[in-house]
Each structure stands twice: as C-alpha cells, then as structure tokens.
Amino acid sequence: MASNEDRLAAVKDVMIDRDGRYKYVLINVVASNKSVGEETSKKIVRGFAWAEYHADIYDAECSKLEPIGLDCECLGGGRVLTNSAAKTINVYGYSMGFGRADHQITCDIIKRSYPDYTITWSNEGY
C-alpha cells in the first residue's frame, strides 16, 4: 500500500476552469493508516462552471477520492472569476450550503499552480 504522502501527492492541488465565473470549494483531503494511527492531510481547491451548486463539486470530488482510501471534508466555498488572457484570478463570496471558505488559504493554494497570475480575494458578494 502506498504511503499517506504518496496517496495525497497523487491528488492535484488545484483544478479550476480556465476562464469564467463559477463556484468553488476548499476541501481537506485526509489519508489515514489506521493500523499505525497515522493521518496526513492537505487542502485542495476545485471550481467548475458546470456546477449548479457547491455540493455538486464536492460530491464529484469525493466520489473520486473515497474509493482510493481518502476522506474528504468541505471547508467552505465561494466563487472564482478567472481571466486567462489577463492572467487574473479573483476569489470571493461564499457557499450557501458550506459557508465561506478561507479565501486567503484558497489563494495561497492557487498561487502554487498559477505563479504567473495576479490572484486576489474578497469576502464581498455571493
């Protein structure tokens, strides 16, 4: 069996649409080795225009991660406005179902995958 770190490393930190305005969720992914009482986690960001609700994104991601032995916890959500031509990403708002994610943490995660983008956040808006 792969180590907790290896299983988490196989999960992309960020998966968001290239352009547009859409919902996103911040998910804590947990890998456990119960036989030795070891637990490791990392936070990931998922955002897609196809989602009508934040829960649609969360459910889709968990359905991929749980079969490979990873647990999911939604830490909240919001919206993302991405402009690939201008190389900007704005994170804002909240999820009615999951509450507001910590947008600063979300931006820090996105910056690792989009280092040449200007990334901003605000608690304003829905």
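A residue is called buried when its relative accessible area is under 20%, exposed when over 50%, and partly exposed in between (1.4 Å probe, protein chains only). The model is predicted, so local features need pLDDT of at least 70 and side-chain atom pairs count only at pLDDT 80 or more, while totals for chains, interfaces and linings use all residues. Residues are numbered from 1 along each chain as its sequence is written, and side-chain values use heavy atoms, with hydrogens and water left out.

Helices (H or I, at least four residues) and strands (E, at least two) are DSSP runs, numbered from the N terminus. T82 lies in strand 4, which covers residues 70-83. With a relative accessible area of 5%, T82 is buried. Its side chain forms a polar contact of 2.7 Å with that of Y22; such a contact is a pair of N or O atoms within 3.5 Å, where, within protein, one must be able to donate a hydrogen and the other to accept it, and residues adjacent in sequence count only if both atoms are side-chain atoms. Residues touched by T82 (heavy atoms within 4.5 Å), not counting those up to four places away in sequence, include I16, D17, R18, T88 and I89.

Helix 2 (residues 54-65) has 12 residues and spans 17 Å from first to last C-alpha, close to the 16 Å expected at 1.5 Å a residue; the expected span is 1.5 Å times one less than the number of residues. Its buried residues are H54, I57, Y58, E61, C62 and L65. Seen down the helix axis, these buried residues fall within an arc of 125°, so they line one face of helix 2; the arc is that of the directions from the axis to the C-beta atoms. Strand 2 (20-33), strand 3 (38-48) and strand 4 are among the elements that cover them.

The structure holds three aromatic pairs, defined by ring centres within 6.5 Å for Phe, Tyr and Trp (its six-membered ring), with planes under 30 degrees apart counted as stacked, over 60 as edge-to-face and the rest as tilted. The rings of Y58 and F98 are edge-to-face, because their centres are 5.4 Å apart and their planes at 65°. This pair links distant parts of the chain, 40 residues apart: Y58 in helix 2 and F98 in the loop between strand 5 (88-92) and helix 3 (103-113). Y58 is buried at 14% relative accessible area, whereas F98 is partly exposed at 30%.

No disulfides (cysteine sulfur atoms within 2.5 Å) are found in the whole structure. The sulfur of C72 is 3.0 Å from the closest cysteine sulfur, that of C62, which is too far for a bond.
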